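Me: I am new to this structure and would like to learn how to read it. Please take me through it one feature at a time.

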Amino acid sequence: MPAEVRVMVYQAAYDEAQLAEVRTAYHLVSKRLAGVPGMLGNELLRSPADPTALAVVSSWESMAAFQRWEQGDGHRNDTAPLRPFRDTRVPAPFAVYEVDAAY
């Protein structure tokens, strides 16, 4: 059986106004992605150690489901509102993980 997948996209907000913009963009993108086949959900996370560091984590039923969406026509437009907030302090803007074990 295919493993579930988590995709982390790193974002940054350097003040409260920008944080509000990230939250607005996150909610807009989440509404656009509601009902995407294979997507199980997503969350906006904020680091307590570095409040400027955020991540959007999405859960997918499989790598194939994520790749179908990522290679589809709407991917770039649907996620565009968050793009200006990508965290340029990290070497890669996102990471993809397969679930290896879970309880």
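Me: How many bridges join β2 to β3?

Reply: Some ground rules come before the count. This is a predicted model, in which local features need pLDDT of at least 70 and side-chain atom pairs count only at pLDDT 80 or more, while totals for chains, interfaces and linings use all residues. Residues are numbered from 1 along each chain as its sequence is written, and side-chain values use heavy atoms, with hydrogens and water left out. Helices (H or I, at least four residues) and strands (E, at least two) are DSSP runs, numbered from the N terminus. Two strands pair if DSSP finds at least two bridges between them. Here, β2 and β3 run antiparallel and are joined by 7 bridges. A hairpin of 6 residues links β2 to β3.

Me: In what order do the strands of the open sheet lie?

Reply: The order is β2-β3-β1-β4, an open sheet of 4 strands with antiparallel pairing. β2 and β4 are the edge strands, each pairing on one side only. From one strand to the next, the twist averages 20 degrees. Such angles run from 0 to 180 degrees between N-to-C directions, and the axes are lines fitted to C-alpha atoms, for helices over the stretch in contact.

Me: How many bridges join β1 to β3, and how many join β1 to β4?

Reply: Between β1 and β3 there are 8 bridges, and between β1 and β4 there are 5. Both pairs run antiparallel. V9 has V56 as its bridge partner in β3. On the β4 side, R6 is partnered by Y97, and V5 stands opposite E98. As a general point, side chains in a regular strand alternate between the two faces of the sheet.

Me: Which strands does α1 lie across?

Reply: α1 lies across β1, β2 and β3. Relative to β2, α1 runs at about 180 degrees.

Me: What does E98 contact, leaving aside its neighbours within four places in sequence?

Reply: Contact means heavy atoms within 4.5 Å. E98 belongs to strand β4, residues 94–98. With those neighbours left aside, E98 is in contact with A3, E4, V5 and M63.

Me: Is Y97 buried, exposed or partly exposed, and why?

Reply: Buried means under 20% relative accessible area, exposed over 50%, and partly exposed in between, with a 1.4 Å probe and protein chains only. Y97 counts as partly exposed because its relative accessibility is 46%. This residue is also in strand β4, and Y97 touches E4, V5, R6 and M8, not counting residues up to four places away in sequence.

Me: Which class does S62 fall in, buried or exposed?

Reply: S62 is buried, because its relative accessible area is 8%. S62 sits in the loop between β3 and α2. Residues up to four places away in sequence aside, S62 touches P2, A3 and V5.

Me: Where is Y14, and what does Y14 touch?

Reply: Y14 is in the loop between β1 and α1. Y14 touches T52, D87 and R89, again not counting residues up to four places away in sequence. With 47% relative accessibility, Y14 counts as partly exposed. Y14 and L33 are 19 residues apart in sequence and 26 Å apart in space, C-alpha to C-alpha.

Me: How much space lies in the largest pocket, and which residues lie nearest its centre?

Reply: A pocket is found on a 1 Å grid over the protein atoms alone: it is an open set of points where a 1.4 Å probe fits, with protein on both sides within 12 Å along at least five of seven lines, and lining residues have an atom within 4 Å of a point. Grid points are joined across faces, edges and corners, and the volume is the space filled by probe spheres set on the points. The largest pocket holds about 420 Å³. Its lining has 21 residues, with V9, W69, H75, T79 and R86 nearest the centre.

Me: Which element gives the most to the lining of the largest pocket?

Reply: α1 does, with 4 residues.
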